[in-house]
Amino acid sequence: MVSRVIPVDPFDLVIFGGTGDLARRKILPGLFRRFLAGQMLPESQIIGAARSDFDDEGYRDTVREAIGEFGGADAARTVELEDFLKRVRYVAIDAKGEDGWKALAALVDQKRINAFYFSVAPSLFGDLAERLHLHAIANKDSRIVVEKPFGRDLKSAKELNAVLARHFDETQIYRIDHYLGKETVQNLMAVRFGNILFEPLWNSQYVDHIEITVAETVGVGGRGEYYNKSGAMRDMVQNHLMQLLCLIAMEPPSRFDPDAVRDEKLKVIRALEPVNLHHIVRGQYDKTPSEPSFREDAGDPKTRTESFVALKCHISNWRWAGTPFYLRTGKKLRTRTSEIAVVFKDAPHLIFGQEAGRHRNILSIRLQPNEGMTLGVTIKEPGPGGMRLIDVPLDMAFADALGDEIEDVPDAYERLIMDVIRGNQTLFMRGDEVEAAWAWTDPIIQGWEDRHDVPKPYDVGSSGPEDAGMMMHRDGRRWRELRE
Ligand code: NAD
């Protein structure tokens with residue numbers, strides 16, 4: 001198979017926070033993979049910038065180590081790794097002071113694409129933006145990349161947007177939600193808008209309900225203190241689940257360009273009805289004989305922060321009025337799985353009689369593990385005898401369909417960084433989208449705080465609190481099983 005990798009123009013990428021966890025685990029190994037694939041050209045330069053006092057060689061050692069730890073099989077490509085490391089430089093810098101900025105200015109090549117990854121705490125965004133401007137390191141074509149969390153409520157998100165807008169135009173700001181970089185998420189758009197098959201059925205007349213699940217088996221571990229100030233609603237629902245909801249529910253954009261797509265996503269968020277607090281269940285994982293509870297992980301025996309949320313919401317527009325969307329996410333659940341399930345309505349009239357049973361088409365879009373899609377269709381059970389029906393999956397696991405090529409599919413971070421260099425904002429959140437998402441989330445969180453809501457405990461390895469099941473049960477529905 002001929003490689004379809006299209007190299008991006010040579011670039012300078014500055015990673016503020018280049019010694020941090022995210023840079024070590026995702027950004028640097030991802031860049032190495034793009035280098036191996038030939039997408040990052042050797043003329044490009046990566047500049048780590050953080051507080052630690054390294055020289056270039058010292059930083060290269062930490063990058064080598066990070067790729068050894070997180071780069072998987074690529075780490076064995078030692079010749080190429082040394083070649084990659086020649087493209088890596090380092091500047092010790094203080095975001096809040098003047099140290100290092102002149103040295104950085106001398107390194108960044110103004111004549112080509114330059115991007116600045118703010119892989120640091122959001123409290124430093126303003127300082128970085130200010131100093132990049134002050135030292136004339138960034139120009140009107142520079143890009144800046146910012147990570148979640150983008151604020152903790154509408155007010156703080158607005159403040160962050162304002163801080164960035166002081167020196168950068170919206171077209172220069174890339175707010176990462178790595179869920180949008182996943183292959184399946186883009187395939188979701190390809191399936192919806194590249195085929196005629198699904199779109200006529202994609203509405204409340206044919207869709208009974210939609211479930212979006214992001215389940216994790218891990219707890220909050222070492223991030224307990226941070227997570228305790230955030231919770232599942234802020235950490236997962238406001239960003240990842242909302243983004244998936246937008247892509248599944250949006251109207252077809254007129255073109256696949258950044259603003260056309262993001263305009264449609266924004267309309268979905270704005271059409272979301274406020275959620276009735278009776279349609280939300282919050283949970284907290286309990287302790288087991290061998291593992292700590294959420295309260296212990298958070299180091300706060302009285303914490304009321306949730307590690308699980310399940311909710312039902314409605315989109316008030318012509319397409320979706322009457323079709324509920326059920327969202328669920330949590331930690332320490334039975335399996336690690338992210339799935340969107342579009343559950344279609346029953347056939348209007350059962351010609352095969354009651355004994356044939358009730359069957360439904362379900363389109364399942366899996367983000368992890370085993371990215372792919374499955375369409376459940378009803379067929380006749382093979383063999384003699386009456387007309388008995390069974391459901392079988394039409395399965396499109398990308399790994400099977402694309403064979404060896406799947407090896408070359410970049411992971412979400414790699415793809416998104418390459419999009420930054422190409423200047424394509426389609427898969428990044430716009431400032432107004434983020435604000436609209438907080439405007440919908442804030443009253444929910446405020447409602448819990450006002451009534452001192454206490455999350456329901458749930459067992460580690462379960463599907464979450466029983467109340468989440470009850471919420472569905474009251475609607476005559478059941479959550480899809482959490483499966484690998
Ligand atoms: P980290 O604490 O591991 O690293 C922080 C980095 O910032 C370090 O390199 C440090 O040297 C640098 N830094 C701190 N103060 C500085 C200053 N005054 N001047 C210059 N550099 C300074 O953090 P992390 O986990 O890598 O996360 C970075 C950002 O990415 C955070 O906003 C975080 O919320 C976000 N994020 C991280 C992950 C993840 O998996 N780690 C996932 C999603 C989002």
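Q: In this predicted model, where buried means under 20% relative accessible area, which residues of helix 1 are buried, and which elements do they pack against?
A: A residue of this predicted model counts as buried when its relative accessible area is under 20%. In helix 1 that group is made up of Leu-22, Ala-23, Ile-27, Leu-28, Pro-29, Gly-30, Leu-31, Phe-32, Arg-34 and Phe-35. The elements against which these buried residues pack are strand 1 (11–16), strand 2 (45–50), helix 2 (56–70), helix 3 (78–85), strand 4 and helix 13 (412–422).

Q: What distance separates the end C-alpha atoms of helix 1, and where does the helix bend?
A: Helix 1 covers residues 21–36, and its 16 residues, at 1.5 Å a residue, should span 22 Å, which agrees with the 22 Å between its end C-alpha atoms. Just after the helix, Gly-38 takes a positive phi of about 85 degrees. Within helix 1 there is a bend of about 30 degrees, with the proline Pro-29 following within four residues, and the bend lies at Ile-27.

Q: Is Ser-119 buried or exposed, and which residues is it in contact with beyond its neighbours within four places in sequence?
A: Ser-119 sits in the loop between strand 4 (113–118) and helix 5 (125–134). Its relative accessible area is 13%, and because buried means under 20%, Ser-119 is buried. Leaving aside neighbours within four places in sequence, its contacts are Ile-15, Phe-16, Gly-17, Leu-22, Ala-23 and Ile-27.

Q: Which residue forms a salt bridge with Lys-332?
A: The salt bridge of Lys-332 has an N to O distance of 2.8 Å, and the pair links distant parts of the chain, 41 residues apart. Lys-332 lies in the loop between strand 10 (325–330) and strand 11, whereas its partner lies in the loop between strand 8 (280–285) and helix 11 (294–298).

Note on methods. Residues are numbered from 1 along each chain as its sequence is written. This is a predicted model: local features need pLDDT of at least 70, side-chain atom pairs count only at pLDDT 80 or more; totals for chains, interfaces and linings use all residues. Side-chain values use heavy atoms; hydrogens and water are left out. Helices (H or I, at least four residues) and strands (E, at least two) are DSSP runs, numbered from the N terminus. Buried means under 20% relative accessible area, exposed over 50%, partly exposed in between (1.4 Å probe, protein chains only). Contact means heavy atoms within 4.5 Å. The expected span of a helix is 1.5 Å times one less than its number of residues. The bend at a residue is the angle between axes fitted to the seven residues ending there and the seven starting there. A salt bridge is a side-chain nitrogen of Lys or Arg within 4 Å of a carboxyl oxygen of Asp or Glu.
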